[in-house]
Amino acid sequence: MIAHGFTGDVDRPHVRRVVKAFTQYGAVVSFSFRGHGASGGRSTVGDREVLDLAAAVQWARSRGHARVVTVGFSMGGSVVLRHAALYGARHGGRNEGRTEARGEAHTDAVVSVSAPARWYYRGTAPMRRLHWLVTRPEGRLVGRYGFRTRIHHREWNPVPLSPVEAVPRIAPTPLLIVHGEMDGYFPVDHPRMLAAAAGDHGELWLEPGMGHAEHAADDGLLGRIGDWAVGQSG
């Protein structure tokens, strides 16, 4: 299950390349988050997108897929962490004790690539530009017509569980955190915070020379992630 980054969608070449790489390891389900590409609604930049991922996992399980691994990039990386915490195996694979008719929404393993650890980070120039895109009316126009991403104008209320707060709730679901040492959006203190929150449960890969998210994940790294995911199937 592929959860793309902000301004991505299933038709973007960098997302399609990731999907193609993972098809060597099993069936791959991809989708566009709300407000992205041809998907309806408006993006909430990682908040309500957890519901989109849960619906996609339920759909996959309703089609007979007994094991599901969620792999998220950047915004999608934060979404897979929060989804695993809210729909985790320790809750019986159910959100708040309920099982939806379409199938259970829990994941069997989680891979988070280039995710932030905390919200409202503005410590890098790309993140300052992203905040302008999200918070300013003219920025949202650029998002709509320049990036095919329709962004909701409302601020978060309440502020959702942050990735670093979500990580301790994921166990015992297997967790892999992947981050580039040259990430221009989120420096390496973000993955280190996530790994510290995971403790002995999570695994951290800091990738030398790697930048940010799907664009920076080469075929070798995607292959290693695929091998890791297959290794969690036992």
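Select Asp 52 and Arg 34 first. Their side chains meet in a salt bridge, 2.7 Å from N to O. A salt bridge here is a side-chain nitrogen of Lys or Arg within 4 Å of a carboxyl oxygen of Asp or Glu. This pair links distant parts of the chain, 18 residues apart: Asp 52 sits in helix α2 (residues 49–62), Arg 34 in the loop between α1 (13–22) and α2. Helices (H or I, at least four residues) are DSSP runs, numbered from the N terminus. Asp 52 is buried, at 16% relative accessible area. Arg 34 is partly exposed, at 22%. Buried means under 20% relative accessible area, exposed over 50%, partly exposed in between (1.4 Å probe, protein chains only).

The model is predicted: local features need pLDDT of at least 70, side-chain atom pairs count only at pLDDT 80 or more, and totals for chains, interfaces and linings use all residues. Residues are numbered from 1 along each chain as its sequence is written, and side-chain values use heavy atoms, with hydrogens and water left out.

Next, select Arg 82 and Asp 47. Their salt bridge has its closest N and O atoms 3.8 Å apart. Arg 82 lies in helix α3 (residues 75–86) and Asp 47 in the loop between α1 and α2, so the pair links distant parts of the chain, 35 residues apart. Arg 82 is buried, at 5% relative accessibility. Asp 47 is buried too, at 17%.

Move on to Glu 138 and Arg 136. Their closest N and O atoms are 3.4 Å apart, in another salt bridge. Glu 138 is partly exposed at 36% relative accessibility, and Arg 136 is partly exposed at 41%.

Finish with Asp 9, Arg 12 and Arg 148. Salt bridges that share partners join these residues into one network. The structure holds 10 salt bridges.

Definitions and conventions:
Helices (H or I, at least four residues) and strands (E, at least two) are DSSP runs, numbered from the N terminus.
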